[in-house]
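The following note sets out points for a colleague who is examining this model.

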Amino acid sequence: MPQPLITKPAPEEIQTFGPFRFIPGKKGGRYPYCHSLVIEDEETWVADPASDKDFLRHLARTRKVTGVFISHFHEDHQKYNYLFPEARFYVPAAEAEAFRSVEAALDLMGLDDPQAREYWGEIMVRQFNFSPLENLVPYEPGQCFRQGGITLEIVPAAGHTLGHSCFYFPGQELLFLADVDLTPFGPWYGDKTSSLEDFEATLESLAGFKARTYITAHEQGVFTQEEFQAAVPAYRRIIAARDDRLLEMLKTPKTVKQLADRHFFYGKPKEPPFIYHHIETQMLSRHLERLVSQGLVSGIDGAYLAKK
Ligand SMILES: [Zn+2]
């Protein structure tokens, strides 16, 4: 029997790995927070600054932070960007526009409804401190950035979002996985540019990635090589388990809306409902489209039915 994904809570204290510090995010690194990584050699860099406001503010006051690396455009990875007004912001080129304007971020999410856009746009500004970034340095897959004895290599990891990237530090064999987060919830692909196939390809290529330390942006946060190697296939199997669960539910015909109303992914209502309904709908559609193309489900007049 394949093992289910077993994870631990995030460390409560800051963890140091050579020139790196793992900064645990508030709420155990759950949304709307994420874990951050601080990289210190000749310069000080931060990855995904949305962990702990007090810590990051103290860092900003006591160090000259020259670089902020952001794995993808989601609001819960850049809540405290504003603490580093003098830094350069390194962001995925594929989604650079989303760091320049709220409208572009809403477009990438696939939010079409004007009311939903207005509501979420305000949340991004008021709760996530969004303001258009200047000093942007768009990065590309495979690009390397250096300071002192540190090399940071951009490892493309699309699926969660199109530009989603991991950061690898070959000198110290540390891989920052961002939202390949290895949580029991499983892979998330609820935006317009998210892709089930890309996520699977990313997991396929990361599965054999040899490092000493693996850092995720949510929940457990720190994985040894052994833990990582067990977690990746178990995390990937959550996608197949979702297919199986859908096939079971589609023994009687259902529309996407009916499935989303049952909170297929989240299991319970979440606030605000229209955002979560939107996410459920996008994630469900990806599974349904694939099941239809595999000939396992028929989709007639918007109602889906398992074929056997
Ligand atoms: Zn994300």
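1. In strand 12 (residues 213–216), Thr213 and Ile215 point one way, Tyr214 and Thr216 point the other way, and all are buried. A residue is called buried if 20 or more other C-beta atoms lie within 10 Å of its own, exposed if 12 or fewer do, and partly exposed in between, with C-beta atoms placed from the backbone. In a regular strand the side chains alternate between the two faces of the sheet. Helices (H or I, at least four residues) and strands (E, at least two) are DSSP runs, numbered from the N terminus.

2. The model is a predicted one: local features need pLDDT of at least 70, side-chain atom pairs count only at pLDDT 80 or more, and totals for chains, interfaces and linings use all residues. Residues are numbered from 1 along each chain as its sequence is written.

3. Strand 12 pairs in the parallel sense with strand 11 (residues 174–178) over 4 bridges. Two strands are taken to pair if DSSP finds at least two bridges between them. Within this pair, Leu174 stands opposite Thr213. Strands of a sheet pair through backbone hydrogen bonds, either parallel or antiparallel.

4. Strand 3 (residues 36–40) is mostly covered, with 4 of its 5 residues buried. Strand 2 (residues 20–23) pairs with strand 3 in the antiparallel sense over 4 bridges, and Ser36 is the bridge partner of Ile23. Strand 3 also has an antiparallel pairing with strand 4 (residues 44–47), again over 4 bridges, in which Ala47 is the bridge partner of Leu37. A hairpin through 3 residues joins strand 3 to strand 4.

5. The protein has 8 helices and 16 strands. Its radius of gyration is 20 Å, close to the 19 Å that the globule rule gives for 308 residues, so the protein is as compact as a globular protein of that length. The radius is taken over C-alpha atoms, and the rule is 2.2 Å times the number of residues to the power 0.38. The C-alpha atoms fill a box of roughly 60 × 45 × 30 Å along the principal axes. Of the 308 residues, 42% count as buried.

6. The domain assignment gives domain 1 (15–238) and domain 2 (250–306); such bounds come from an automatic or database domain assignment. The C-alpha centres of the two domains lie 28 Å apart. At their interface, 10 residues of domain 1 are in contact with 10 residues of domain 2, where contact requires C-beta atoms, placed from the backbone, to lie within 7 Å. Helix 4 (residues 114–126) provides the largest share of the side of domain 1 that touches domain 2, namely 3 residues. The residues on that side divide into 6 nonpolar, 3 polar and 1 charged. Here Ala, Val, Leu, Ile, Met, Phe, Trp, Tyr, Cys and Pro count as nonpolar, Asp, Glu, Lys and Arg as charged, and the others, Gly among them, as polar.

7. An open sheet of 3 strands has the order 14-16-15, with antiparallel pairing. Strand 14 (254–255) and strand 15 (297–300) stand at the edges, each with a single partner strand, so one side of each is left without a neighbour in the sheet. Strand 15 is joined to strand 16 (residues 303–306) by 4 bridges, and Val297 stands opposite Ala306. Helix 8 (residues 273–293) packs on the sheet, touching strand 15 and strand 16, and its direction makes about 110° with that of strand 15. Axes are lines fitted to C-alpha atoms, for helices over the stretch in contact, and angles run from 0 to 180 degrees between N-to-C directions.

8. His278 lies in helix 8. The residue is buried, with 22 other C-beta atoms within 10 Å. Leaving aside neighbours within four places in sequence, His278 is in contact with Leu111 and Ala116. The C-alpha atoms of His278 and Asp112, which are 166 residues apart along the chain, are separated by 9.9 Å.

9. The peptide bond from Tyr31 to Pro32 is cis, with omega near 10°, and Pro32 is placed in the loop between helix 1 (26–29) and strand 3. The peptide bond from Glu271 to Pro272 is also cis, with omega near -10°; Pro272 is found in the loop between helix 7 (256–261) and helix 8.

10. Which residue in the loop between strand 11 and helix 5 (196–207) should be noted? Leu182 lies there, and its phi is near 55°, a positive value in a residue other than glycine. Leu182 is buried, with 26 other C-beta atoms within 10 Å.

Conventions:
Contact = placed C-beta atoms within 7 Å.
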